[in-house]
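User: Please examine how the secondary structure elements of this entry are arranged. The discussion will proceed by question and answer.

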Amino acid sequence: MSPPTVLLIAAETSAGEQLQAALEQAAIDATVETTEPECVDTTLLRTAVDCLVVPVTCGGMAGGHLAEAATGLYPNLPVIMYGSEADRGDHIRTVDDDLGSPELAAAVDAALEDSETMAARPASRPETILATMFERYSEHLYVKDDDRHYLLLNDSSYAPPELLGRRDEDGLPAGATYLDAARGDDLQVINDGADVLDIHEFSPSMGKHLQTSKIPWYDETGELIGLIGITQDITDQKERERLLRQQNERLRKVALLAAHELRNELQVSTGHLSQVEADDEHIDAVERSIDQLSGIVDKVVSLASSDSPAFEPEQQWLSTVVWDVWSSLSLEAASLEVTSDRRLLADAESMRLFLEILLSNAVEHGGPDVAIRVGATSSGFFVADDGPGVDVSPPERVLEAGYASEKQNSGFGLYIANRIAKEHGWSLSVDDSEAGGARFTVTDVERPD
């Protein structure tokens, strides 16, 4: 029978030799293996381990977090933490001395005597498959327990010691809005046992667009004990989509502006034609031609004003779409604050265009240094600014086709936004903001079940 294996977390193999010597000095028959902090989770998957030895600090990280992650994967695994500042937890044995001390060797011996842990069995084929996935995949893979602590993760985005045994808010370099959204997704999976699939996220602090899926993790008894997740960096994909949207929006505005000008000229032609008293077949032909042209113009306006008549609503975080659009506008002086967040159901492309129009409108009328606030309400959300406000009565006139307060404005942006709102069954209203600027409020927005 092979001697038991003691796994030591250490940056250098010489530390393992020191512990091995201390065990031999105490006549303890055990083999010491060493793993770096970055590899402790996958090493546990690949190696039969009878006892884990953790320093109080590992490359600047708290060893207790690594110990928590290890026991989250293998609850019965004995863990010994050594070092003068070791915290004495309920299930973690602690020793104040160093690797070569008799006290540490004695603690290892005691742990091995009463240890019966699943971690000590030889690695199964599924465990080696899982370890390979976490070692080789470029996407961010992770496993969390039911208290949202990381138990497994690869190093595609973050070094495992930065997050193992911790929650997102404890070590993830992301903004509060992003962390709140991620926490909400975690709790939906852990509390409700629901899959959260293909959620688009944006982290302003990281400057990345992400797509995340999370599913419940059940143990061998069928009890829900955590979640399994994958997060992909889709920043390049979002940039390609942004450029395509800009191109389509330019074409849309050209079509609407041309239709608007044609309609004006047709009205002039109709007016002059009505003054002609002669009854002539050529005049009848001109009238028919004008009617046909008017129909074509109406068709152009209808097609150019609608993104997708048969859109498919998806559940989204308001903040994610807002920051997605804001990052594509490349504004330096203007500021954006997302005051509160909520989930909503909307067609993804239509929602982006809707917010792009409202944010661009705020900058266009409020100036390059305008301050914009976006937030959730009980029945929807709002976009407000501190610009000059809406100087027209009633304010809803700005939503009409062709209305423009500036000569260089086509007057169709807010008209398109209003059409998108109606397609979703929303109500879009215009009012003054608390800062004296404009406030666009969207109500009747559907929430995911």
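**Strand pairing and helix packing**

User: Which residue in β19 stands opposite D431?

Analyst: The model is predicted, with local features requiring pLDDT of at least 70 and side-chain atom pairs counted only at pLDDT 80 or more, while totals for chains, interfaces and linings use all residues. Residues are numbered from 1 along each chain as its sequence is written, and side-chain values rest on heavy atoms, with hydrogens and water left out. Strand β18 (residues 427–432) runs antiparallel to strand β19 (residues 438–443), and six bridges join the two. In β19, the residue opposite D431 is R439.

User: Which residue takes a positive phi in the hairpin of β18 and β19?

Analyst: Helices (H or I, at least four residues) and strands (E, at least two) are DSSP runs, numbered from the N terminus. The hairpin has five residues between its strands β18 and β19. The residue with a positive phi near 90° is G436.

User: At what angle do α11 and α12 pack?

Analyst: Axes are lines fitted to C-alpha atoms, for helices over the stretch in contact, and angles run from 0 to 180 degrees between N-to-C directions. The axes of helix α11 (residues 318–329) and helix α12 (residues 348–366) lie 9 Å apart, and the helices pack at an angle of about 60°. That value makes α11 oblique to α12, since angles under 35 degrees count as roughly parallel, over 145 as roughly antiparallel, 65 to 115 as roughly perpendicular and the rest as oblique. The packing angle is about 60°.

User: How many charged residues are in the contact of α11 with α12?

Analyst: Contact means heavy atoms within 4.5 Å. Residues of α11, among them V321 and W326, meet residues of α12 that include R352 and E356. Ala, Val, Leu, Ile, Met, Phe, Trp, Tyr, Cys and Pro count as nonpolar, Asp, Glu, Lys and Arg as charged, and the others, Gly among them, as polar. The contact has nine nonpolar residues and one polar residue, and its charged residues number three.

User: Is the crossing of α12 and α13 left-handed or right-handed?

Analyst: The axes of α12 and helix α13 (residues 413–424) come within 9 Å and cross at roughly 145°. A crossing is left-handed if the near helix is turned anticlockwise from the far one by less than a right angle, and right-handed if clockwise. The crossing of α12 and α13 is left-handed.

Key: Two strands pair if DSSP finds at least two bridges between them.
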